[in-house]
Every structure is written in C-alpha cells, then in structure tokens.
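Hi everyone, thanks for coming.

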Amino acid sequence: KVLALFYMTRAADLRGDHGGVVAMAGVILRCGARALRSVETECRLLLANSSLSLGHPEQAGMEISRIQDREITLAQRLRLLPIELEYQLTVGKSEEAVQSLAQKIRLAELLDSVGACWVHSLLAEACRRCDMPAKFEFLRRRASLYSDWTSIADKSALLAPEIAFPGTETA
C-alpha cells in the first residue's frame with residue numbers, strides 16, 4: 001500500500017499538484033516509509049520540492065536537513081541539488097549555496113540539459129548575491145550553453161534579470 005501511494009505521489013508531482021504531493025508524502029512518512037528507506041528519501045525530496053513551490057521554505061528546509069543526515073544515492077543527490085539551492089536562495093543563505101562550488105558544478109554536469117541550466121543559473125545567482133562577479137559570469141554563460149532560457153522561465157523569479165533574461169540590465 002505504501003508503494004502504491006508513493007507512485008500516486010510521483011504522479012501528482014509530475015502533474016504539478018504540489019498540494020497533493022504534500023498531503024500524500026506526509027501520509028507515507030507517517031505510515032511506515034521508514035521500513036522502505038529509499039521511499040522515505042524520495043518522499044522527503046518530493047515534499048521539499050513541493051513545499052518550496054507552495055511557498056513554505058521552512059518545511060522544505062526541515063526535509064532537506066533530514067535528507068542530508070543520511071547516505072543517499074547519486075541519483076538522489078542529483079535531485080536534491082536544485083531543491084537545496086532553491087531553498088538556500090529563497091531564505092537568503094547565498095553563502096551556503098556557493099560552498100563547495102566546484103563539486104556542485106560537477107554534479108550539475110550530470111543533469112539533463114534543463115536541469116543543468118537551472119542549477120548553473122541558481123549558482124550564478126548565489127555568486128551574484130555574494131559579490132563574486134567572475135564566477136557569476138562564468139556560471140551565467142555556462143547555463144546558457146545547456147538550454148535556452150525559456151526552459152526555466154517559470155522558475156526565474158529567484159533569478160536576477162540578467163540571469164533569467166540575458167541582455168537585460170539590473171535595475
């Protein structure tokens with residue numbers, strides 16, 4: 001039953017039903033996902049992502065910290081990276097986002113082109129906020145190599161205009 005509900009949660013995530021994801025993932029985590037460790041981690045990833053989408057960064061932060069306290073697979077680490085960066089930028093922890101920058105860039109290179117574009121854009125924004133202009137420009141240019149900007153336009157509220165819409169100036 002837990003696995004059936006988990007697959008329904010994944011389907012809700014694919015549909016963009018973040019409220020449904022939060023509700024179902026919460027039930028799974030309360031009803032025995034600990035017996036299925038990989039399902040628990042996946043539910044926490046889905047819950048963190050949906051919590052961010054619904055404007056609840058504190059919930060996302062709690063789930064991220066619970067994931068970070070355990071060993072996770074590379075695939076899970078790749079799913080966590082953009083969620084964690086988005087959380088850090090949302091709550092003003094840009095300094096944390098630029099820690100281990102080289103490692104984060106290497107992980108981003110393993111993502112699909114849209115995911116790599118998004119992660120590079122988030123890292124560029126963190127560098128911009130931390131007054132790291134050379135790294136900002138490097139990451140902004142790399143992001144544009146992975147995908148066109150329309151692929152991340154729906155998520156671009158976190159990004160400065162010169163990242164989300166290249167060629168524009170900062171006000």
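When I name a helix, I mean a DSSP run of H or I with at least four residues, while a strand is a run of E with at least two, numbered from the N terminus. What we have here is a predicted model, where local features need pLDDT of at least 70, side-chain atom pairs count only at pLDDT 80 or more, and totals for chains, interfaces and linings use all residues. Residues are numbered from 1 along each chain as its sequence is written, and side-chain values use heavy atoms, with hydrogens and water left out.

So, pockets. On a 1 Å grid over the protein atoms alone, a pocket is an open set of points where a 1.4 Å probe fits, with protein on both sides within 12 Å along at least five of seven lines; lining residues have an atom within 4 Å of a point.

The largest pocket holds about 730 Å³ of space (points joined across faces, edges and corners, then filled with probe spheres). It has 25 lining residues, and Asn49, Pro82, Ile83, Trp118 and Lys155 sit closest to its centre. Which helix gives the most to that lining? That's α3, with six residues. α1 (2-15), α3 (37-53), α5 (74-90) and α8 (113-129) each supply at least two.

Now the second largest pocket, with about 210 Å³. Here α5 and α7 (101-108) are the elements giving two or more residues, and α5 has the largest share, five. Among the lining residues are Arg77, Glu84 and Lys104.
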